[in-house]
Structures are given as structure tokens and as C-alpha cells.
Amino acid sequence: MLYTIIKDNTYQDSIVLMLLSQKLSAMDGVNKASVMMGTPANKDIFKGSGLGTPELETASANDIVIVIDTDDESKVEEVEEAVETELAGGGGSDDSQKSSEAHNWKRALELANNPNLALISIPGTYAAMEAENALRNDLHVFMFSDNVPKEDEVRLKELAHEKGLLVMGPDCGTGIIHSVPLAFTNTVAEGDIGVVGASGTGIQEVTTIIDRMGKGVTNAIGTGGRDLSTEVGAITMLDSIKALNQDPKVKVITVISKPPAKEVQEKVEAVLRSIDKPVVALFLGNKPEYQEDAIYHAYTLEEAAVASVQLSNGETVDFKPSTIEGLTANFEANQKGIKAYYSGGTLASEAAMMIRHSLGEEEVKDEGFTYKSTSHEVIDLGDDMYTQGKPHPMIDPEKRIEKLETSADSEDTAVIMLDNVIGYGSHADMASELAPTIKRITDKAKSEERSLVVLATVVGTDKDAQGYDKQREILSEAGAVLCDTNDQMVRTAIELVGGKVEQPVLETKNFDKGSEDLSVDSKMMSLISNNPSVINIGLKSFTEAVENSGAEVVQFNWRPVAGGDEKLMKVLQFLNNYEGENV
Amino acid sequence: MIFQASAVGSIALDLLNKHNHMRVHSIFNNGFNIVNDSNDLIFVGTNKNGYFPFGITIDKNTMHYAKEYLSVGDTVKNNRRGIDHKDFMIMLNQADIVKYEKVQPQPVDALTAVVNEFDFDKYTDSDFYPRKMREILDSLSDETKPFPLKYLVGRGSGLTPSGDDMITGILYVDALSPFVSEKHKKTLSNYLNETVTTIVSENFIKLALNGIFSSKITDLGKEVSKEAVEELLALGSSSGHDTLYGIYQTLNWR
């Protein structure tokens with residue numbers, strides 16, 4: 001019996017239609033199936049292959065037509081489902097949620113239920129204006145947007161601080177607020193470790209290691225990379241530390257940042273020394289010079305995570321770095337190079353730091369590289385330089401595949417390192433995108449009897465949609481050696497080329513307990529102690545994570561006023577916020 | 001959101017100026033189509049498949065995010081500034097305007113030599129077997145024969161059915177070295193008005209009838225090389241191959 005399904009005005013690439021034809025034909029109980037556009041010529045083909053039906057004649061050239069031959073009528077429903085799933089990749093969208101979307105602030109505030117957080121991802125030119133609108137409406141701000149001028153950041157953070165609000169960002173890629181993941185973030189277990197960080201993937205690496213060690217992080221507050229600059233003066237970091245300190249559920253506070261300006265570091269440390277909870281601090285890039293009672297100074301991200309877990313367990317910190325055991329390689333004399341291609345900027349910085357401190361080659365300054373010397377290179381492919389007009393390498397595998405291929409062909413390459421950062425915002429299955437290339441290059445090296453080691457690490461948890469174990473398995477089957485952390489991966493790579501990363505052995509220095517004012521506004525405590533109610537301004541995909549974790553979110557489909565004329569927008573913004581004296 | 005286009009084809013620009021409203025017709029990974037009431041089409045997408053006379057070029061990142069807001073049937077308003085969708089704008093103020101010129105006649109020997117280096121075996125047992133193609137080409141050059149293109153128009157799967165891509169290939173060689181009878185061209189033009197193939201194909205063939213082609217095709221004749229052919233082959237899932245097969249059959253029929 002023949003059944004006809006017609007999808008009006010639907011289009012797909014021919015490859016999708018061919019795959020769909022094959023898939024339907026392979027279904028149990030389906031004798032024959034064909035999927036084509038309903039053009040007159042194709043109708044002839046349907047008829048010619050015994051799949052002509054009266055319904056077929058009603059289809060137009062712009063409809064997709066599916067004809068199946070089956071003796072079992074119940075199969076039709078199954079086929080329809082398969083067709084829906086396959087075609088869903090293209091057009092069509094769910095209109096059911098449109099009613100909860102707003103196009104202006106007024107509507108967004110009406111729709112939202114006691115909103116307290118604005119998640120902003122519109123272009124940087126306009127982001128500062130909308131952040132200011134959010135703050136004036138008493139919302140905390142999470143700014144994913146980058147390219148926001150520094151003076152705007154200072155102004156916004158000062159305004160926020162005055163109002164008892166927090167500005168996370170700009171250029172804040174990651175955050176967890178009361179277990180609700182924001183932007184590019186992993187799903188991490190709740191727990192008694194509080195994290196504040198000025199780096200996106202640094203937070204991701206630390207929180208996921210903590211999760212995998214069986215502990216949890218309820219709040220991981222991103223500050224944006226410039227928060228610890230002299231001009232901004234760590235406004236967000238200091239307020240966040242104080243909020244975590246007031247939260248009775250937080251046992252340990254972990255602070256992650258690049259080495260800041262000296263006076264800013266002193267300011268942060270003065271606050272850290274004033275609090276009674278155990279603190280772990282990592283100023284990634286420098287070797288810590290001493291230990292102290294109030295603050296555990298870590299050298300790497302893994303160490304910061306392990307120390308946080310041990311402190312939260314009430315134990316003394318005892319970090320033992322590891323490498324992959326039993327891994328040997330028979331490199332040629334000229335094969336000395338470690339080549340690392342990261343999607344996570346902080347992970348790249350960590351690798352650069354460890355190579356710099358252990359292999360002693362003279363560093364060559366080159367803009368496109370996080371680290372470069374005669375033999376080694378570390379590249380952050382998420383850097384602006386590589387993402388002009390392209391999605392981030394956590395979404396788009398293209399650049400990584402290209403680098404894998406060229407570096408594998410280079411004679412001096414011994415070890416290649418890769419990260420795969422999973423979680424919200426990232427590619428649905430990056431491991432499968434990279435696997436064929438990893439397999440090709442490792443097979444090729446094998447066939448040429450040349451040693452080549454590909455090391456990989458997955459940043460994520462078993463609660464992430466991509467599946468931590470599954471991603472590891474795919475990479476491992478392709479021929480990569482899987483490392484548990486970036487620290488372990490870099491140490492392993494360095495050992496493979498004959499070096500060793502020395503863990504700093506530190507003396508304990510004594511400092512007086514600080515006496516900083518640790519009070520914090522109740523609005524901040526409320527932010528980190530309850531599910532946020534979010535207004536999402538910009539990228540719609542960010543709403544998914546918020547919704548999935550049970551928090552409320554209103555989508556604000558932002559469009560520039562004044563037709564995008566920046567000057568005019570600024571005038572309007574000024575008039576809207578002008579608090580002139582009444583005459 | 002505000003996005004920027006990097007290039008806009010002169011035909012697309014013309015359409016934007018003439019039609020205030022268009023609607024989203026279809027959405028793909030690399031782009032989306034908008035059409036007006038008379039089915040004139042603008043392709044908004046990445047340059048993965050080359051530049052189109054009726055195209056607006058945006059980068060991959062823009063497409064990645066624009067897709068979040070698009071639904072088939074959405075209305076877009078057009079003006080000189082760009083395309084105005086209810087949830088985003090694509091601005092044209094920084095876009096290069098790409099002008100298209102008609103392909104002019106030129107010798108085809110060098111192109112024939114390069115194209116003949118490629119393998120077309122997969123068509124031997126298809127609906128488009130070589131003898132069939134030669135019959136079609138024979139009839140095309142002879143206005144006394146019945147219109148032969150009904151067989152090719154709309155035949156095959158996908159957004160631009162294979163037969164349509166082959167017609168584009170045939171018409172490209174015709175532009176370089178004319179042989180198709182005017183009568184058959186006119187019939188083809190009228191036949192397309194009967195909704196016999198997809199809107200996208202219809203637009204491609206109508207432009208081809210006027211001697212206008214996408215950049216991946218015109219690049220073939222600009223500097224004849226194996227690389228240019230390979231670039232064309234990379235187009236779409238089978239479009240590039242199908243177009244080149246049309247070119248190959250025509251060049252060798254002569």
C-alpha cells in the first residue's frame with residue numbers, strides 16, 4: 001500500500017533528502033520510500049518507480065513529497081516522525097513561546113516575575129547602554145558582550161556598586177548563579193565552594209574538576225577579564241568575595257585571575273586576609289612565591305580545584321600533580337615540538353605558563369600565539385584574531401581541524417594538545433567533529449612509522465548534555481590519549497619531550513589579619529541565594545540553560561532604537577535618564 | 001540584534017529598492033532565502049557557495065546567530081540601509097556592491113581540456129546518462145525539434161534539483177559560445193513561470209538565460225584552471241558536480 005506525505009513549502013539540501021530516503025527505506029516494514037521536491041519531472045520519477053499516488057498530483061514544485069510503500073499502516077506515523085526530526089534542521093520554529101518575548105524594556109519588565117538579572121549579549125557598541133538601563137531598573141548585569149569600552153565598564157561598575165548591584169563582565173563568558181548556568185557554562189553539582197574568576201575557561205576547568213571530585217559549586221561569579229585592571233580596581237571581584245563570605249552555605253572561597261596590577265592584587269588580598277573562611281587564590285601565570293595561613297596560593301587550575309575540595313573536606317591541602325603513566329614514544333631526533341590548539345583561552349595560558357617555566361627555550365613574541373618558541377607553540381583559537389566573522393572554536397571545528405592537519409605534517413611535531421570544552425553554548429558533539437582528523441593523522445603517522453602523540457582533555461561534567469564520558473570515549477577511539485585535566489595534559493606533554501614541570505615548594509609567610517569592611521548589600525545576597533529571574537537581552541540560545549535549571553527567563557528581542565543610529569541612540573538614552581530639576 | 005553584510009549583489013540591491021516587504025522563504029545552515037510576491041528571490045548567506053548576483057553576503061558567525069530568530073514566513077522590511085526583521089537588522093552600509101556583467105563569448109578549448117580531466121562516471125547509470133544528454137543538446141540547437149528541457153527542469157532532489165543545475169551548466173557554455181536556439185530559450189523562460197521547479201532554481205535559470213551566473217561559475221572562464229573547477233565542485237552537496245556535468249556534456253557535444 002502506498003502512502004503520501006506532503007510538506008508544503010519546505011526545503012532541504014539534496015544531501016538531507018537523500019539521507020532521509022535511505023533512512024526511510026531502511027526502516028523495518030517499509031518496502032520502498034522516496035523523498036523529492038514535487039516538480040513535474042520528479043512526479044514522473046515517482047510514477048516510473050511504482051510510487052505514483054493520486055495525492056502526489058496535488059504537490060507543487062516547492063513542496064517536499066515523501067511516498068512510502070508499506071503493508072503496515074502504523075509505519076506511516078513512524079515515518080512522519082522521522083521526517084519531522086530530519087527536516088527540523090532547517091526552517092520552521094516553535095511559535096508557542098513567542099508570547100513571552102518582549103521587544104522593549106517596558107514589556108520585558110512586565111512579563112518577568114520580579115526580575116533581578118539581565119543577561120546581555122548584544123553587540124558591544126550598544127551593550128553598555130542596555131546595561132545601564134538594566135542597572136537603573138535594579139537588575140544585576142551579566143555582560144557576555146565584548147568590545148565594551150573600558151571607561152564604560154568603570155562607569156557601570158561604579159554605578160552598580162553604589163546601588164548594591166553586581167556587573168559581571170563585559171566579555172564574561174561563564175557564570176553560575178545559584179546553580180543556574182549562564183552563557184558558556186557547565187552543569188555543576190551544588191556545593192559549598194564559592195568561585196570568583198576573571199577568566200571564563202579557568203572557571204569552567206576549576207568548577208568541573210571540583211564536580212568530578214564529588215564536590216560542588218553553587219555560585220561561580222565571572223567578573224570579566226578587565227575587572228582587576230588598575231582602572232576598574234576589582235570592583236566586581238571584591239563585592240563577589242564579600243557576598244560569598246556572607247553566604248553561610250559557602251565553606252571555601254576560590255579566586256582565579258591572571259596576575260593583576262600590584263596595587264589591585266594587594267587590595268584583593270587585603271580583603272581575602274580579612275575573612276575567616278579558607279581561601280584558595282590562583283593568579284595564573286606566575287609561580288606563587290609563598291604560602292600563607294589565610295590564603296592557599298595555587299600554581300595551576302587543577303591545584304586550585306584540588307585545594308578547594310580538600311579545604312571544603314576539612315583536610316590540609318596536599319596536591320600531588322600527575323601525568324599519564326606508561327605512555328612512551330619513539331621520537332626522531334628532530335621531533336621536539338609541543339603544538340597546542342585550544343578553544344579555551346585560560347587553558348592556553350596555563351599551558352604557555354607551564355612550558356615557559358619548564359622547557360627553557362627562548363620565547364619568540366608573536367601576536368597570534370599564546371606561546372611560541374623554536375620548537376613549541378600554544379595557540380588560543382578563541383582569540384579575536386582567529387574568530388573574525390567565524391563562530392568561536394567551541395562551536396566551530398574548522399580552524400582546529402586545519403591546525404591539526406598542518407601540525408601533524410610538520411616534521412618537528414612530537415605532541416599535539418587539544419581541549420574540548422563542553423556544556424551550554426558549546427558544540428553538540430565536538431568530539432565527533434575532531435575525531436576523523438585525529439584518526440587520520442594518527443593513522444598516517446603510524447603508517448609512516450613515525451611517533452606522534454595526540455593528547456586531549458575534556459572540560460565538563462557527566463551532567464553536561466554532550467556527556468563527559470561519551471566525549472572522552474569518542475576522542476580516545478580516534479587515537480587521542482585522554483588526560484583528566486589540562487594540568488595533567490601539559491605535564492604529560494612536557495615529560496614526553498624530555499622535560500619536567502617542577503611544582504613550586506613554598507615557605508609559609510605570616511600576615512596580620514586584615515580589617516576590611518566586609519558588609520555587602522542585601523541585593524547581592526539575594527542574587528546568590530535564590531534562583532535568579534532573568535531578562536535575556538540578545539542571543540536566544542542563552543535562555544535554554546536558564547530554563548532547564550528551573551529559573552524564570554524572559555526573552556528580550558532587542559533591536560536598536562533610532563534605526564541603529566548610534567549618535568541618536570545616545571541622545572535618547574541621555575534624555576530617558578535625565579534627572580533634571582523641576583522648574 | 002544588528003548584523004553587518006559584507007557584500008551585496010547588484011540584483012539583490014535592485015530588488016531591495018523596489019520591494020519594501022519580502023518574506024522568509026527557506027532557511028538553511030549557510031543562509032536563508034527571502035522572496036517577494038512574484039517569487040523574486042534574495043539569498044542571504046555566507047560566501048561558502050560563492051557570490052550570487054541576487055545574494056547578500058554575511059559571515060558564518062552572523063548566520064549562526066541570525067538563525068536563532070528566523071522562521072519561515074517571517075516578514076522582512078527592506079530599505080537602503082538593509083534588511084529589517086522584527087528581531088534583527090542586517091545593515092548594508094559597509095557592504096561592497098558586487099556588480100554582475102553578462103558573460104561574453106570567448107574560446108572554450110582551454111576550458112574543455114581542463115574539464116575533461118575530471119571524472120563523470122557516476123552519471124552513466126543515472127537519469128542523466130550521456131546519450132540522453134546528447135539528445136537534449138541536439139534538440140536544443142535545432143529550433144525545429146520539440147522543446148527538450150522538460151525532462152531536465154526540476155528533475156532530482158534538493159533545493160536546486162540536479163537537472164536544473166545541468167541546465168545552468170549548459171547555458172553557461174551557451175553564453176561563452178552560443179548554440180541554443182532562441183525559440184527554445186523563450187520556451188524555457190515561459191515554462192519556468194508554470195511553477196515547474198523550486199523558486200531558487202527558477203531564479204538561477206532565469207538569470208542564466210540572461211547571461212548572468214554566480215561567481216563560482218564565472219570564475220571558470222576568467223582564468224581557466226583546475227583549481228577553479230575544484231572550487232565549483234565543492235559547491236553544495238551535489239550542485240557543483242551537476243553544473244559541471246552540464247558544462248562537460250555541452251563542451252564535448254560540440
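I will go through two parts of chain A: an open sheet with a helix across it, and then a pair of parallel strands. Keep in mind that this is a predicted model.

Let me start with the open sheet. As a reminder, strands of a sheet pair through backbone hydrogen bonds, either parallel or antiparallel. This sheet of chain A has 3 strands, in the order S1-S3-S2, and the pairing is antiparallel. Strand S1, residues 2-7, and strand S2, residues 30-37, are the edge strands, each pairing on one side only. On average, neighbouring strands here are turned by 15° against each other, direction ignored.

Now the S2 side of the sheet. S2(A) is joined by 7 bridges to strand S3, residues 64-70 of chain A, and the two run antiparallel. If you want one pair to look up, take A:Lys32, whose bridge partner in S3(A) is A:Asp69.

What lies across this sheet? Helix H3 of chain A, residues 74-87, lies across S1, S2 and S3. The helix runs at about 30° to S1(A).

Next, the parallel pair. Strand S10, residues 193-197 of chain A, pairs with S11(A) over 4 bridges, in the parallel sense.

Is strand S11 of chain A enclosed or open? Of its 6 residues, at 217-222, 6 are buried, so the strand is largely enclosed by the rest of the structure. Buried here means that 20 or more other C-beta atoms lie within 10 Å of a residue's own.

That is the end of my part.

How values were computed:
Residues are numbered from 1 along each chain as its sequence is written. Chains are lettered from A and ligands numbered from 1 in the order in which they are written. This is a predicted model: local features need pLDDT of at least 70, side-chain atom pairs count only at pLDDT 80 or more; totals for chains, interfaces and linings use all residues. Two strands pair if DSSP finds at least two bridges between them. Axes are lines fitted to C-alpha atoms, for helices over the stretch in contact, and angles run from 0 to 180 degrees between N-to-C directions. Two residues are in contact if their C-beta atoms, placed from the backbone, lie within 7 Å. A residue is buried if 20 or more other C-beta atoms lie within 10 Å of its own, exposed if 12 or fewer, and partly exposed in between; C-beta atoms are placed from the backbone.
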